[in-house]
Amino acid sequence: MSILSDAEIVDVIKSKFIPVAVDQHDHRRRKDPEGELFANVLKQAGRDLEGMSQGFYLFTPDGKLLAFSNAVSGTEMKRLMAAALKKFDPAADVTKLEAGTKDARFNYELPVGSQVVRVTTKVLGGYGEAKGNTAIYQNALGRDHLWLRKDEVAALLRGELPQSVQTRLVRYHLVDNTRGEPPFWKPDEIKKMEMALKDGKLTGQVHMETKSGDRGYQAELLGFVTAQDGKLTRFDVVAKGLFWGEGTYTRNAPKGKFPFGVALTLITEEDPGWHVPPGGARGNLATYLR
Amino acid sequence: MFRPPHRRQFLRHTAMGAALCLLGDRPGQAADDGALTLAEFEKLHKALQPPADELWSTIPWKMEIIEACSQAAKEKKPVLMRCRSGHPLGCV
């Protein structure tokens, strides 16, 4: 059971803590007060910016570490939170921290007028029997978000499917991210990208493959796009086909070619994922949105 | 008009070659490469939706540590930071 699917743990987090979720890839590189605070918390946990940093860190409002663990069990997580709460003094004086100027390289502001699409992925077969954490990974949904620019939304409203949307979808979102951070497709790895939008129905065929042929995906696409009052109201698409290979951080893919599916679903501002930057935007939002 | 055998053979092979070219190169094509049906779309799209009752998504996560610290100072609570590779809210 995932730690954060434990109702008791979630209840304590919501009532006793102020929770924050960060991507260490960005935070370890940030040259701003946020990055300095991140480094300071890691240092107190005996870690530095060059090594492993994943885990749960519990600290005071001015960054003094109370407890830390790369907890993998609910029992350990409960113990961790209890220890932190025992050490924490709510009456203690707190030094106010200033946000300062944010490192522009990691500013992932959703452009005005954009709409966001949730992307989920899944290996549909090919694994052998697995237990424990391995089974969790093998059954997991990969998740990400596709950002659509204001002008791309306008084009979709006119019944057009911009090349930029097609390329972004293919390069950054038809990837196997179910076991970790995936490699994205390079432009010259797109062997086929044929999509069409007609009367609200999106169809397509894609084929991506590395030069060595050790990784690839061939799939059919089908989806539906609708709009109302100048906004998209539906952008539901699926891709289904055969994937093969793995990336450096997505090891242990099924052997050979395996069925792999991707689903895209339009979300609203109320969705928790609305402001989460796409994986492909990391460190360079401008390139991702091109 | 008499055509030597080698010429007929040449024409036949050329015609066969042209036919093969028209078929195109389809390496690694899946055995089932037909277009998706509406039923397949609906089944797959539904199967790939995250559970509606995921508890982690009900947690009011901040995405900036200093912002979390500021709120923590107001509410006199400690901060709990979840650090992952890849955004914790964007991936599994």
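Before you start, note that the model is predicted, so local features need pLDDT of at least 70 and side-chain atom pairs count only at pLDDT 80 or more, while totals for chains, interfaces and linings use all residues. Residues are numbered from 1 along each chain as its sequence is written, chains are lettered from A and ligands numbered from 1 in the order in which they are written, and side-chain values use heavy atoms, with hydrogens and water left out.

**Stop 1: both chains.** Colour chain A and chain B separately. You will find 53 residues of chain B in contact with 82 residues of chain A (contact means heavy atoms within 4.5 Å). The area buried between the two is about 5900 Å², and carbon and sulfur atoms give 67% of that; this is the accessible area, with a 1.4 Å probe, that two parts lose on being put together, summed over both.

**Stop 2: a salt bridge.** Select Lys102(A) and Glu64(B), whose side chains meet in a salt bridge at 3.6 Å, N to O. The term needs a side-chain nitrogen of Lys or Arg within 4 Å of a carboxyl oxygen of Asp or Glu. Between chain B and chain A the count is three salt bridges.

**Stop 3: the side of chain B that touches chain A.** Helix H2 (38–47), helix H3 (65–75) and strand S1 (79–84) of chain B each supply at least two residues here. Helices (H or I, at least four residues) and strands (E, at least two) are DSSP runs, numbered from the N terminus. H3(B) gives the most, with eight residues.

**Stop 4: paired strands.** Now show strand S2 (residues 55–59) of chain A beside S1(B): they pair in the antiparallel sense over five bridges (pairing requires that DSSP finds at least two bridges). Pick Phe59(A), and its bridge partner in S1(B) is Val79(B).

**Stop 5: Thr120(A).** This residue is found in strand S4 (residues 115–123) of chain A. Is Thr120(A) buried or exposed? Thr120(A) is buried, with a relative accessible area of 1%; buried means under 20%, exposed over 50%, and partly exposed in between (1.4 Å probe, protein chains only). The side chain of Thr120(A) reaches the backbone oxygen of Leu48(B) at 2.7 Å. Not counting residues up to four places away in sequence, Thr120(A) touches residues including Leu141(A), Arg143(A), Val262(A) and Pro50(B).

**Stop 6: helix H7 of chain A.** Finish at residues 163–173, a helix that is mostly covered: nine of its 11 residues are buried. Among them are Val165(A), Leu169(A) and Tyr172(A).

Notes. A polar contact is a pair of N or O atoms within 3.5 Å; within protein, one must be able to donate a hydrogen and the other to accept it, and residues adjacent in sequence count only if both atoms are side-chain atoms.
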